[in-house]
Amino acid sequence: MPELIPDLSVPAGWLPLAFMIVMGLSILAYVILDGFDLGVGLLLPMASDSEKDLMIASIGPFWDANETWLVMGVGVLLVAFPMAHGTVLTALYLPVSLMLIGLTLRGVAFDFRVKARDEHKERWNRAFFTGSFMAAFAQGFMLGELILGFEISVFATIFSAFIGLCLASGYALLGACWLIAKTSDRLQRKAIVWAKQSVLFTAVGVGAVSLATPLLSERIFDKWFTVQNLIGVWPIPLITVVLFVLLWRALRRLPVRLDQNNEYGIWMPFYSAVGLFMLAFHGLAYSLFPWLVVDELTIWDAAAAPESLMVIFVGAVIVLPMIVAYSIFVYRVFGGKATPLEYY
Amino acid sequence: MLDALILARIQFAANISFHIIFPMISIALTWMLLYFKWQYNRTGEDYWMNIYRLFVKVFALSFALGVVSGITMSFQFGTNWPGFMETVGNIAGPLLAYEVLTAFFLEASFLGIMLFGFNRVSNRIHTLATFLVAVGTTLSAFWILALNSWMHTPAGFEMIDGQAHATDWFAVVFNPSFPYRLVHTLLASGLTAAFLIAGLSAYRWLRGDREKSVIGGIRTGVRLAAVLIPLQILAGDLHGLNTLEHQPAKVAAMEGLWETQEGAPFVVFGIPDEEARTNHFALEIPKLASLILTHELDGEVLGLNEFEGEHPPVGMVFWSFRIMVGVGLLMLVISWAAVWMLRKGREPSPLMSKLLVGMTFSGWVAVLSGWYTTEIGRQPFLVSGVMRTAEAVGPVPPATVLTTLIAWLTLYAVLISAYVAVVFMLARNASAKEKLETGVNAHGPRVAPLIDPTIEPAGAPGNA
């Protein structure tokens, strides 16, 4: 491992690392932010017509900016690691295509469903669900393939498809928890039930990835289970378990509190779910580092020229805090319970 | 079986064609929305807000289509052209990164406030949000056209071990064709939006809607077009001269000139034949090409035979150029005729209204044919003189590309039809809605923002 890491005091050493962090954080931001709005799309078929409108209204002002984090993540891969962008994306050609068609379908359905003729609305609702599912499933599938180092086999396909379903249920969990906080009354109660249903499958998924990753690669196994590493990494699974327990307790207690008109802890499920995603992501990042393509291409092999990275780095350092600031501003403007969307 | 290169090109062309038509609407339309809002703030006349309300919906739809197809673009650089970033990634990377950082987040974040935030922020913040979205869309055009222009006229770099490295970033961004391309494209966006505004308003007029917002929309649209089209013709001419200097093979293909000659004729019509290296059924105006390109009757113009094996496919460039010019001339005639017809508060004739409805999406035709002229005209190179398109293509099996290509084309056909249908439906709904509001608000000058239950989601109570 250490022999893979070059001198970090020169730009050619630390810049790729910095960009890996930016890329990782962008993908994490994407997974959480678009995760909850994809999740809302996945839950759509289970709601009544007027609930559907409100569910979509709850994500309306955000989804565009949320998806921009995906462009940012893949953009960093493209610009900072041009050698890997081609390899990774050609290996993932089919799931990427599936995801893109899904995202397209869903993004346009969002607008068409309220603008098209009434009798077409149901069709666009279905497109919204289908697109959300295609995107969520494809992203999980890609994760599976990435873990297996783009191995081509029947087992790899089955494993990846399984991760695809787990990620979809993870997104459904995020979406349900988002709805718990952003809606009220009947829809809120329904969302609690949805969250309970999806949390079980999410737990199975997190468990499967956590077990599979070290078992599939000796190198990753050593990273987690050698004695000197064990001390540093044990908090990750431990906190994950704690968060699952907290989430489950919150979901069980909420209905009682809501009966008393007490909204205390209404964001608790969402924050726990976000915490779970962060930890799972952290664990994966730890397993895979410093490889972009497992056992083939490290971040330093794939990096662009340092002078080009520096140009982007300067811009990113100035602009990223501004992006975060105005994103927070937008979330605050649309804080509180979701209301029907109206164009002025 | 088609080969991987052709399929990758068709797929990328299909995606980028589908993508570009939506930003071409939204870039200029945001500025027009800002204008409508400003007019309303200034005059207090409700009809400006009615125009705003119709076109903000058209904008939202166009923007959404632009975003989702743009996400596709960012992936297809890698899936279809892995060699591109491996060779010129050091140049293209920072330009794309700055587009994401300075433009995408800005427009996507403030879009929410612009579209849905009027009741949650002050009027001033709402106007600011609209302004920032407009700035974002325009900045996005700036960066992506800087990269695109660099692919046509690369500058400010050196090749080290087969990879481009920047030596002068100012020269990279402001490469020779960039200022011309940027102006030409922004004006094209303005014309696309102008004819869209005029066309949809004329459609309402034809259906018998005589609200002030209808005639106001027609008037704004045709006036904007009438002002922009002469500027566009001038900008196009200058861009052409710039191309002649840097990419003579492209100009030769546009003109359909095979032999280098002094006093070259302008080929009005002809069928270029690359096998025989001549034009069939050619109709020529003597010396005109030399006059246009060199501003001298006997100026020398290089012919395609100087670039044998290194020039683009002639027929496609030749024809798409003529379609673009034809649509441009049509825009000139119709917009000026319409402005004259509408002088001093006169009304448009049914024929003029029909013409304007017919021209609603004329901007798309001009943009796409212009885009094909310049991009196909760059072939066989991906980056002029630096790398060929064939060198960038990826190892994905042709059958896989073909399958996804069919899926994309089907999806695009559905979405374009849905878009056009919905845009006209929004115009019809706007008529129905304003009629309703005029009745309700007869007692007051200001129109409250109403939700039309037939087209907007009716949701739970508790509207803040």
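Biologist: Okay, ground rules first: buried means under 20% relative accessible area, exposed means over 50%, and partly exposed is in between. So is Met268(A) buried, exposed or partly exposed?

Modeller: Partly exposed, because its relative accessibility is 33%. Keep in mind that this is a predicted model. Met268(A) sits in helix H12 of chain A, which covers residues 268-288.

Biologist: Which nonpolar patch is Met268(A) part of?

Modeller: A patch on the surface with about 1,200 Å² of accessible area together. Its members include Leu211(A), Phe221(A), Trp234(A), Val242(A) and Met268(A).

Biologist: Which elements give two or more residues to that nonpolar patch?

Modeller: Four helices of chain A do: H8 (185-216), H9 (218-225), H10 (227-233) and H11 (235-259). H11(A) gives the largest share, with 4 residues.

Biologist: Let's go inside. How many residues does the largest nonpolar core have?

Modeller: That core has 235 residues. Phe81(A) and Phe112(A) are among those with the most contacts inside it, and so are Phe55(B), Val58(B), Phe84(B) and Tyr419(B). Its largest share, 21 residues, comes from helix H2 of chain B, residues 46-80. As background, nonpolar side chains in soluble globular proteins tend to be buried together.

Biologist: What does Tyr419(B) touch?

Modeller: Leaving out residues up to four places away in sequence, Tyr419(B) touches Phe112(A) from the other chain letter, plus chain B residues including Phe22(B), Ile25(B), Val58(B), Leu61(B) and Trp364(B). Ser62(B) is one of its contacts too.

Biologist: And which residues does the second, separate core include?

Modeller: Ala253(B), Leu304(B), Phe321(B) and Ile376(B) are among its 9 residues.

Biologist: Where is Ala253(B), then, and is it buried or exposed?

Modeller: Ala253(B) is in H8(B), and it is buried. Helix H8 of chain B runs over residues 248-255 and is mostly covered, with 8 of its 8 residues buried. Lys250(B) and Glu255(B) are among those buried residues.

Biologist: Which residue follows H8(B)?

Modeller: Gly256(B), and its phi is positive, near 65°.

Biologist: New topic: salt bridges. How many are there over all chains?

Modeller: The count comes to 15. One of them joins Glu51(A) and Arg186(A), with the closest N and O atoms 3.9 Å apart. Glu51(A) lies in helix H2 of chain A (residues 49-59) and Arg186(A) in helix H8 of chain A, so this pair ties together parts that are 135 residues apart in sequence.

Biologist: How far apart are Arg186(A) and Glu51(A) in space, C-alpha to C-alpha?

Modeller: 9.0 Å.

Biologist: Is Glu51(A) buried or exposed? And is Arg186(A) buried or exposed?

Modeller: Glu51(A) is buried, since its relative accessible area is 9%. Arg186(A) counts as exposed because its relative accessibility is 60%.

Biologist: What about Glu308(B), which residue does it form a salt bridge with?

Modeller: Arg277(B), with 3.9 Å between the closest N and O atoms. Glu308(B) counts as exposed, because its relative accessibility is 52%.

Biologist: Which residues do salt bridges that share partners join into one network?

Modeller: Asp34(A), Asp37(A), Glu67(A) and Arg106(A).

Biologist: How many residues are between S1(B) and S2(B)?

Modeller: There are 2, and the two strands form a hairpin. Asp161(B) in the turn has a positive phi of about 50°.

Conventions: Residues are numbered from 1 along each chain as its sequence is written. Chains are lettered from A and ligands numbered from 1 in the order in which they are written. This is a predicted model: local features need pLDDT of at least 70, side-chain atom pairs count only at pLDDT 80 or more; totals for chains, interfaces and linings use all residues. Side-chain values use heavy atoms; hydrogens and water are left out. A nonpolar core is a set of buried Ala, Val, Leu, Ile, Met, Phe, Trp, Tyr and Cys residues joined through side-chain atoms within 4.5 Å. Buried means under 20% relative accessible area, exposed over 50%, partly exposed in between (1.4 Å probe, protein chains only). Contact means heavy atoms within 4.5 Å. Patches are made of residues with over 30% relative accessible area and no salt bridge: like charges are joined within 9 Å, nonpolar side chains (Val, Leu, Ile, Met, Phe, Trp, Tyr) within 5 Å. Accessible areas come from the Shrake-Rupley method with a 1.4 Å probe; for residues, only the protein chains shown count as cover. A salt bridge is a side-chain nitrogen of Lys or Arg within 4 Å of a carboxyl oxygen of Asp or Glu. Two strands pair if DSSP finds at least two bridges between them.
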